[in-house]
Amino acid sequence: NKQVPQRRRQQKTLQIMDDHLLRFDKDKTLVFIDCETLNLCLNKCHNLPWQVSMIKVQGDRGVSQKDFFIKWDTNLKISEDAARITRYSQSKIDKHGLPPDEVFPTIQDWLDNCDYVVGHNILGFDIYLIKDLYEAHGADWKHLVNKVIDTNCVARGIKMGLQYRPESDFTSYQYRVYHTRKKGLKSSLTALGKEFSIDHDYENLHNAIVDLELNIKVWNKLKWQLEI
């Protein structure tokens, strides 16, 4: 069949044309980050992260991870609902918690030196906590925003048919998706994981590391539907 070699050549040509896309790039470093917090406030005057977890990814797999419990000198208390949902344990914080000054240098090093910072709803939540953490240590955080991939925004954009055009600004696209509301659209990690038939420990979500492991699996599905 003379068409078979021709079809293979066409497929190889398309592969070469697409090699610049992130889904094919095995050298880029992505840091997935998730914060578990005292409540849902976006400002340090009322809210602080007590767990910050990161997984460093190259290609499709994690290569290293950090899981920090942070012990703050504060009078703020975790809300009852947040403690229940996240399985917050004061004894774990007392035993394993570290002062923010000890964990920040690693967080800064990982985020500053990666190619992309990835999180689920990071533009709507975690980036504010990260911003406060940077500012508390006199460090600039603004450069991080243009490195962010928010898998919640990516999933919502795909579901709403809001196509990203590679020649446009990806950060602006994500914010546009974030502020576009559609009734009944489900884009939580749990919903996406089950939609993609992903095998995962769903019972222990809201543990930051467990969330990130699912986040990576979801991203590995989403990246084939987005031209970045």
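I begin with the second largest pocket, whose lining comprises 15 residues, with W72, T74, L76, Y88 and Q90 lying nearest its centre. Strand 2 (49-58) and helix 3 (90-96) are the elements that give two or more residues to this lining. Helix 3 provides the largest share, three residues. Sorted by class, the lining of the second largest pocket holds ten nonpolar, two polar and three charged residues. Its volume is about 240 Å³. Please bear in mind that this is a predicted model.

I turn now to the largest pocket, which holds about 610 Å³ of space. Which residues lie nearest its centre? They are D34, E36, L40, H206 and D211, out of 24 residues that line the largest pocket. At least two lining residues come from each of strand 1 (29-37), helix 2 (80-86), helix 5 (122-136), helix 8 (189-195) and helix 9. By class, the lining of the largest pocket has eleven polar, eight nonpolar and five charged residues.

Helix 9 leads me to my last topic. Helix 9 (residues 208-222) packs with helix 6 (residues 151-160) at an angle of about 35 degrees, and the two axes are 11 Å apart. The crossing of helix 6 past helix 9 is left-handed. On the helix 6 side, T151, V154, A155 and I158 take part in the contact, and they meet N215, W219 and L222 of helix 9. In this contact, five residues are nonpolar, two are polar and none is charged.

Conventions
Residues numbered from 1 in each chain as written. Predicted model: local features only at pLDDT ≥ 70, side-chain atom pairs only at ≥ 80, totals over all residues. Heavy atoms only, no water. Axes fitted to C-alpha atoms, helices over the stretch in contact; angles between N-to-C directions. Helix = DSSP H or I, 4+ residues; strand = E, 2+ residues; numbered from the N terminus. Left-handed = near helix turned anticlockwise from the far one by under 90°. Contact = heavy atoms within 4.5 Å. Nonpolar A, V, L, I, M, F, W, Y, C, P; charged D, E, K, R; others polar. 1 Å grid on protein atoms, 1.4 Å probe; cavity = no way out; pocket = protein on both sides within 12 Å on 5 of 7 lines; lining within 4 Å. Points joined across faces, edges and corners; volume = space filled by probe spheres on them.
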